Amino acid sequence: MIAMTNLEYIEKIIDLNKGYITRKDINENGIPSFFLYDYVKKNKLIKYGTGFYARNDWIKDDYLIFQYLYPKYIFSLYSAVYIHGLGDYNPPFLEVTGPKNYRPFPLPKDGIIVHTDTLKETYFIGITEVETIFGNKIKVYDIEKTVCDFIKKRKKIDSESFVKCINRYKKRIDKNVNNLMKYAKIMGIEDEVFSLMEVLLNEDQ
């Protein structure tokens, strides 16, 4: 069996990724970075950020690119609502939450809303992995954490988006009310979430 060359490995990785490759992919496969940069130059790959390259026919996925560049930021609030189908509004920005003291360089600027969760126990709860519309895996808060975040920040959420999010959550067959109340307790909003869910559930009776 003939072993693949480093350039053939790079081709295989790009094919598996359906058009893109990252410095992380190279490191994980033990390929010297020189081969990546040489391949990028010869094949005219597009650079979307430090260590992220793609073929010119790759469909740009802003969610994937952003999270590769800033791996500790988790998609939250309006972005999470859109990703989970809890609303129709496709925000013209990405909204994320990061942990305390996370200060990546360069900091994200235009089109990004960044929140900082100073508590480790609330930052880590509900993190899940889903696929974007382009089939790429990203990390986002699950639907229960997203609903809790919307309730906690209710005064800053427009009423139409809030009502739609709550009503769609109520109709989800995959909802987990036990997790919802567990998260609410950790986040200090147990009474508020319980009261709201009690009203919604009673509406169906």
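Predicted model: local features only at pLDDT ≥ 70, side-chain atom pairs only at ≥ 80, totals over all residues.
**Entry 1: a helix pair.** I began with helix 7 (residues 143-152) and helix 9, which pack at an angle of about 45° with their axes 9 Å apart.

Entry 2: I looked up which residues are in contact between the two helices, and found E144, K145, V147, C148, D149 and K152 on the side of helix 7, meeting N179, L180, Y183, A184 and M187 of helix 9.

**Entry 3: the two sides of helix 9.** Turning to helix 9 (residues 177-187), I found that its buried residues are L180, M181, Y183, A184 and M187. These residues span an arc of only 160° around the axis, so they lie on the same side of helix 9. On the other side of helix 9 I noted N178 and K185, both of them exposed.

**Entry 4: the ends of helix 9.** At its start, I saw that a side-chain oxygen of N176 comes to within 3.2 Å of the backbone nitrogen of N178. After helix 9 comes G188, for which I recorded a positive phi, near 75°.

**Entry 5: the whole chain.** Stepping back, I listed 10 helices and eight strands for the protein chain, whose C-alpha atoms fill a box of roughly 65 × 35 × 30 Å along the principal axes. Of its 205 residues, 44% count as buried. Among the contacts between residues at least 6 apart in sequence, I noted that 52% join residues at least 24 apart.

Definitions and conventions
Residues numbered from 1 in each chain as written. Heavy atoms only, no water. Buried < 20%, exposed > 50% of the residue type's maximum accessible area, 1.4 Å probe, protein only. Helix = DSSP H or I, 4+ residues; strand = E, 2+ residues; numbered from the N terminus. Arc of directions from axis to C-beta. Polar contact = N/O pair within 3.5 Å; in protein donor to acceptor, adjacent residues only side chain to side chain. Axes fitted to C-alpha atoms, helices over the stretch in contact; angles between N-to-C directions. Contact = heavy atoms within 4.5 Å.
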